[in-house]
Amino acid sequence: MLQEVKVAKPASPPMDGLPFERRIWAVVAISVAVGMASLDTAIANVALPAIAADLKVSPADVVWVVNVYQIALVATLLPLGALGEIVGHQRIYLGGMLLFTIASLGCACAWSLPSLLVWRILQGLGASGLMSVNSALIRFIYPNRMLGRGYGYNAMVVGTAFTFGPTVASSILAFGTWPWLFAVNIPFGLVAIAIGMRTLPPTPRAKHGFDFLGALLAALCLGLVILGVGSAAHKAQLGLVSAELVLGLVLGIVLIRRQADHPAPMLPIDLFRRPMFALSAATAVCSFAIQGLGFVSLPFYFEDVLHRTQVETGFFMTPWPLVTAIMAPVAGRLSDRYPVGLLGGVGLVLLGIGMALLAMLPIEPSIFNIVWRMAICGFGFGFFQTPNLRAIMSSAPPGRSGGASGIVATARLTGQTIGAALAALCFTLAGREGATVALALGAGFAAIGSVMSFLRLTIPATKP
């Protein structure tokens, strides 16, 4: 008697990105959300004088409106990235968008500086939910062959938001009061949530549990380090700065030892054992330190040394992020075809040349003389950023996308903070020549970063 033989059906291959129509709407959802979080940083900086006058507080006190947002954002990036690997990146993203929107309403209704600071902390937590898993979600939205252009479009949105943020803020303040700067987030946030709930892809979930004590250690470690660097930039007492930095480093060591055998550590040391990931993360910190050095020092140089007006300074600062936004998708497409080590190295060389040229500006430069140098910086930064982001995410296994995405955002904010602190140190040591020293230091960082980027060409191609 013949027995029926059952042939097992081959397992269906994992989904490689979303179908075209759903992909478009998912990109709209994350672009609106990330654009809002990026725009909010620039908007808050412009609004500080108006907030100080309305709430009757000093400039030194009102700076905390920016500081608490940054600290809450940086401190929770890695824990939320790790949580996304467990519960799904799309849930963290939508939860972050909801909290960001609610906190924006709270900021708009704030009646005092303490109440505004509380809502800004919550807004920073919401922004962290967006930023921590943003890169991971893009990895699941786009097919692998299009990852470069996906990250390029995302970088273009961020660059555009930073470019036009001060203009948007000034326009709103021309017709209304500072609470409207936060209230404008609400309708966009609701739209992003509605679209995201229907289109964002479900992502693989890890089977291990969430280490709440590890999350607390990671948040305190990063928060204290960033706070310490910021305190140093504001010339706080040496004892306070040392205590913040040392305690942050000690907590980081405790965290690493606690999670030594964890399959997905909160501070993803396991990913740094991959040469491509480690070099790409290091070059990211270098590049954003250069950006921090330039963006902090150049306004002082234009106004105090060249005696330009605030309006002119805003115009001079525009070419860098504008050209970056234009170049990001171009470099993203190229990174789908050419080695990221080559593209990133060339980009950092150009960025270093631009910084050196700015440091060697003549005594009375023309408008064109300033603009084309800023454009070279933007071209180099945009040419580096997207391929490097693709390298970081592609060198991590899909199941560790949350940890990799958290490192992407952490590297960006850490680099910017270090750059800003170094710029402040340059002004302290060199006075009026501080801007020139900071720009020259940025060129040095670019040289180091370009060497690290070219070293990636020696790493054999491996599957994540």
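**Helices and buried positions in a predicted model**

Gln-385 lies in helix H16, which spans residues 367–394; helices (H or I, at least four residues) and strands (E, at least two) are DSSP runs numbered from the N terminus. The model is predicted, and local features need pLDDT of at least 70, side-chain atom pairs count only at pLDDT 80 or more, and totals for chains, interfaces and linings use all residues. Residues are numbered from 1 along each chain as its sequence is written, and side-chain values use heavy atoms, with hydrogens and water left out.

With a relative accessible area of 17%, Gln-385 is buried, where buried means under 20% relative accessible area, exposed over 50%, and partly exposed in between (1.4 Å probe, protein chains only). Residues up to four places away in sequence not being counted, Gln-385 touches Ala-155, Phe-288 and Thr-324; contact means heavy atoms within 4.5 Å.

The protein contains 18 helices and 0 strands. Its radius of gyration is 22 Å, close to the 23 Å that the globule rule gives for 464 residues, so the protein is as compact as a globular protein of that length. The radius is taken over C-alpha atoms, and the rule is 2.2 Å times the number of residues to the power 0.38. Along the principal axes, the C-alpha atoms fill a box of roughly 100 × 50 × 45 Å.

Of the 464 residues, 54% are buried. Among contacts with a separation of 6 or more, 83% are between residues 24 or more positions apart. The protein exposes about 20800 Å², of which carbon and sulfur atoms supply 72%; accessible areas come from the Shrake-Rupley method with a 1.4 Å probe, and for residues only the protein chains shown count as cover. The mean positions of the 28 positive and 17 negative charges are 12 Å apart. Lys and Arg count as positive and Asp and Glu as negative, with His and the chain ends not counted, and the place of a charge is NZ of Lys, CZ of Arg, CG of Asp or CD of Glu.

Helix H18 (residues 434–455) has 22 residues and reaches 32 Å from its first C-alpha to its last, close to the expected 32 Å at 1.5 Å a residue; the expected span is 1.5 Å times one less than the number of residues. The buried residues of H18 include Gly-434, Ala-438, Gly-442, Ala-446 and Gly-449. Their cover includes helix H12 (275–305), helix H15 (340–359) and helix H17 (401–430). Helix H12 also holds Ser-280, which counts as buried at 0% relative accessibility. Beyond residues up to four places away in sequence, Ser-280 touches Asn-388, Ala-391, Ile-392 and Arg-456.

Ala-136, in helix H5 (residues 113–141), is buried with a relative accessible area of 0%. Ala-136 and His-89 are 47 residues apart in sequence, and their C-alpha atoms are 7.3 Å apart. Neighbours within four places aside, Ala-136 is in contact with His-89, Met-393, Ser-401, Gly-402 and Ser-405.

Leu-200 lies in the loop between helix H8 (185–199) and helix H9 (212–233), and is buried with a relative accessible area of 6%. The C-alpha atoms of Leu-200 and Tyr-93 are separated by 9.2 Å, although the two are 107 residues apart along the chain. Leaving aside neighbours within four places in sequence, the contacts of Leu-200 include Arg-22, Ile-30, Tyr-93, Leu-137 and Ile-141.
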